[in-house]
Every structure is written in structure tokens, then in C-alpha cells.
Amino acid sequence: MRRALLALLLLALPGCKPEMTQQKRLDTYGNTSAWPGGAARTLPEGTVARGELARQAAGATPPPVDAALLARGQERYAIFCTPCHGAAGEGDGMIVRRGFPAPPSYHIARLRAAPARHFFDVITNGYGVMYSYADRVEPADRWAIAAYIRALQLSRHARVAEVPGLAEQLP
Amino acid sequence: MTAPTDLSERRDRLRLRPWTILGVGLGTAALLAATLGGVMLLRHSAEWPQAGQPPSRFPAPRLQADPAADLQAFQAEQARALQGYDWVDREGGLARIPVARAMEILAGRGPAAYDPLEPAP
């Protein structure tokens, strides 16, 4: 008899303190009268992440082009750009071979005539199906990649008269 | 010892109707003949695969048997595109040069390195 009573008490135990699970709280997307909108608050307009203004300012002026910057651009380009744009910038990277829409080649007249700022802006904001790389590529590295893209373009469009000793090396 | 049971008293007499049996048999034979006739007709009217006809070729499965080797070949092909000298437009005086050479040239241009290679249209 005592055992049965004990078992009954044990069964009744989960019924105690239901308010532990049914507390008054704000669910993430629940309604609230404390402020307009849902419980999940949106950032006030004009909010800037800490350090974001400094990052943007860092990309305002292009760094001087030297061998180190171009080498850095080549390395960053190989990491972030070759999957789609290909090593030579023809827009024939591995992702494209797997069916992704092909980006334009860097060796078309429109992009040869484009200012370097255009490449910087495309890396920052994205273009077409390309998403923004602002979170992945630092502003200085974006300029380095833009400079390396110029080198890629020059490698396919070198004027023989402007490059000393080039005529002898051509077939 | 018990007395033998007389089963014949409980057994129903089987009444066979010969014409029914004959009718079922003839009906089955007629159905068989109609089916065979239909198959023969179909064989004559429709295209029927001939025995001994060579099997048609089907496309090879698009499988990548050796992805590592394919990637190496792809990377080698991409790296080749960055090397070597060649003419692009002999009349226009345009040539293809290794990207390393192009980087050297650009590094020597100073602030003008970012400039577009062509004037804006």
C-alpha cells in the first residue's frame, strides 16, 4: 500500500511547478508592446559596425603599385577569384565548368577600358551573380587584386612597341 | 472393431455435363487461337526487333573516374595560359606575355599602373 502511494506521488511529481516551462518571456519573433515591431529588434537606421568606417576609409585611396602588392594580389586572386574567373581571367574557372554562369573575360575591350576602381567596387559590392567579397577581402587586398587583374590584362594585350626586348622573344 | 462406415450414403452424386466441359475447352482453344492470331498480326503490322540486330550505342556515362588527375590537368592547363610569348595581333603590334613579366612592367609604372589599358569608349 505504501509502495503504491509512493508510486502515485512520483507520478504526480511532474505536474508540479508548470510555470518553470510556461514562463513569461519574449520569444524571438513574438509580439511585444515594449517597442514597435516584434521582439527581435532591428538595428536602428544608420547603425555602423565598430571599425567599419575605418575599413571603408582604408580603401578610399589605392596603395602604390609595387612588386609586393602585385604578388599579394596574385595570391589573393588565386584564392578568391580563380574558382570562377580562372587563373588567366578568361571566366573559365572550375565552378563555371560545373555549370555556374560564366563571368565575362577580363580581356574584353570594356574591361580593359574600365578604371581599377570598377574592380574594387565589384569585389566590394558584388556584380550580377557574384556576391560581395567585402567580408572576405580586406580593402588593401581588393586594390592588390585590382592591380593583379591589370597585370593579367597586360599579359594578353602587351604593346610590342612599349615593352623593350619583347619583339625578339616573339615567334 | 467398429463397423465400416458407409460413405456412399453421404456422397453427392457428381453430375457432369459433357457439353459444358466441351464448351469450356473449345472456348479456351478459341481464346488461345485469337491471342496467337493477334500477336502474329501485331508482328506483321508493327516494327518488330529482329533477332541478331546489333544493339544500338548509348552515350558513355558522365562519370569522373579520376578527379585528382582531372584537377591536375585542369590546373596545368590554367597555368599554361599564364606562360609564354605569342602574337595576339601582329599588324596591331599586340602580343601575349607571361603574367610575371606583366607584373614587372606594371610595378615599374608607378602610379600609372592602375590606369586602363585602353581609353574609355
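How many residue pairs are in polar contact across the interface of chain B and chain A? The rule finds 16, both residues of each pair being at pLDDT 80 or more. A polar contact here is a pair of N or O atoms within 3.5 Å; within protein, one must be able to donate a hydrogen and the other to accept it, and residues adjacent in sequence count only if both atoms are side-chain atoms.

A quick word on the ground rules. This is a predicted model, where local features need pLDDT of at least 70 and side-chain atom pairs count only at pLDDT 80 or more, while totals for chains, interfaces and linings use all residues. Residues are numbered from 1 along each chain as its sequence is written, chains are lettered from A and ligands numbered from 1 in the order in which they are written, and side-chain values use heavy atoms, with hydrogens and water left out.

**The interface**

On the chain B side, 36 residues are in contact (heavy atoms within 4.5 Å) with 44 residues of chain A. Together the two chains bury about 3,400 Å², 64% of it on carbon and sulfur atoms; that is the accessible area (1.4 Å probe) lost on being put together, summed over both.

Three salt bridges also cross this interface, a salt bridge being a side-chain nitrogen of Lys or Arg within 4 Å of a carboxyl oxygen of Asp or Glu. Which parts of chain B supply at least two residues each to the side that touches chain A? They are helix 2 (67-80), strand 1 (86-89), strand 2 (94-96) and helix 3 (99-107), with helices (H or I, at least four residues) and strands (E, at least two) taken as DSSP runs numbered from the N terminus. Helix 3 gives the most, with seven residues.

The open sheet has three strands in the order 1(A)-2(B)-1(B), paired antiparallel; strands pair if DSSP finds at least two bridges between them. Strand 1 of chain A and strand 1 of chain B are the edges, each pairing on one side only. Helix 8 (residues 139-156) of chain A packs on the sheet, touching strand 1 of chain A and both strand 1 and strand 2 of chain B.

Strand 1 and strand 2 of chain B form a hairpin with four residues between them, and Gly93(B) in the turn has a positive phi of about 70 degrees. Leu94(B) is the bridge partner of Arg159(A) and also of Asp89(B).

**Salt bridges**

Over all chains there are nine salt bridges, including these:

| Pair | N to O distance |
|---|---|
| Glu162(A) and Arg109(B) | 3.9 Å |
| Arg72(A) and Asp141(A) | 2.8 Å |

Arg72(A) lies in helix 3 (residues 67-80) of chain A and Asp141(A) in helix 8 of chain A, so this pair ties together parts 69 residues apart in sequence.

Key: Axes are lines fitted to C-alpha atoms, for helices over the stretch in contact, and angles run from 0 to 180 degrees between N-to-C directions.
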